[in-house]
Amino acid sequence: PHTTCKSITISRTADSWFIAFAYEQHHEPTIKSHDVVGVDLGVKELATLSTGVVFPHPKHYKAHLAKLKRLSRVIARKVKGSENRYKAKIQLAKHHAKVANLRKNTRHKITTYLCKNHAKIVVENLNVSGMLANHKLAQVIADCGFHEFKRQLEYKAKKFGCEIIVADRWFPSSKTCSNCGHIQDMPLKERTYNCGSCGHSMDRDLNAAIMLSRLAKP
Ligand SMILES: [Zn+2]
């Protein structure tokens, strides 16, 4: 089938040119293999689903971040206005674009998988500004691009015919035992939920994803 192109955008990132064509979106509802899924966006893994599916951070991602930092330091050492500084800046911009692309591809993979295969998707409402106190976590959240993640979910939900449910900001998904409902403090370093009430033991992120999935009304 053919379609009408509504607009063409040409953009430049580092030294690469891109051309984007915008189309009218067609609805292609899919048959869902799962009714409900809870999604925990994590620190250790990029996303953990209540169904047990895990999306890890993209391969070599940490190495790329380290290289970004190294290239920034190289620029700082070069003389301002020099040819070498200019060359270093181009290198940094190229690498930035590479890392951004890596993130973008991973996000698209996750959001497409979610919207194609699940009728109801429950996600956290990440309060990014409230998390800035924890520098490392803030970095991870920023890297995950939560707003972009949500934006993709919303338009793909329309396309594939599913519902997005955003949890209340204060819903204690990480602190609540998915087996008995007991609530306890869960410092970030604790990777396993060990329930102080019923003894239930489960991966922290999976426990949180299951709690989120329960927010979907049957
Ligand atoms: Zn329990």
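Biologist: Asp205 first. Buried or exposed?
Modeller: Asp205 is buried, because its relative accessible area is 4%, and the cut-off for buried is under 20%. Keep in mind that this is a predicted model.

Biologist: Where does Asp205 sit?
Modeller: In helix α5, which covers residues 204-213.

Biologist: And what does the side chain of Asp205 make a polar contact with?
Modeller: The side chain of Arg191, at 2.9 Å.

Biologist: Which residues is Asp205 in contact with, leaving aside neighbours within four places in sequence?
Modeller: Arg191 again, plus Asp40, Lys44, Glu45 and Thr48.

Biologist: New topic. What coordinates the zinc ion?
Modeller: Four SG atoms, from Cys177, Cys180, Cys195 and Cys198, at 2.3 Å.

Biologist: What is the geometry of the site?
Modeller: Tetrahedral, with angles of 108 to 111° among the four donor atoms. The ideal angle for four tetrahedral donors is 109.5 degrees.

Biologist: How are the donor residues spaced in sequence?
Modeller: The pattern is C-x2-C-x14-C-x2-C.

Biologist: Where do Cys180 and Cys195 lie?
Modeller: Cys180 is in the loop between β7 (163-166) and β8 (192-194). Cys195 is in the loop between β8 and β9 (201-203). So this pair ties together parts that are 15 residues apart in sequence.

Biologist: Cys195: buried or exposed?
Modeller: Buried, with a relative accessible area of 7%.

Biologist: What about Cys180, at 37% relative accessibility?
Modeller: Cys180 counts as partly exposed, because that class runs between the 20% and 50% cut-offs.

Methods
Residues numbered from 1 in each chain as written. Predicted model: local features only at pLDDT ≥ 70, side-chain atom pairs only at ≥ 80, totals over all residues. Heavy atoms only, no water. Donors = N, O, S within 2.8 Å, 3.2 Å for Na, K, Ca; no water. Tetrahedral: all angles 85-135°; square planar, octahedral: opposite > 155°, others 65-115°. Helix = DSSP H or I, 4+ residues; strand = E, 2+ residues; numbered from the N terminus. Buried < 20%, exposed > 50% of the residue type's maximum accessible area, 1.4 Å probe, protein only. Polar contact = N/O pair within 3.5 Å; in protein donor to acceptor, adjacent residues only side chain to side chain. Contact = heavy atoms within 4.5 Å.
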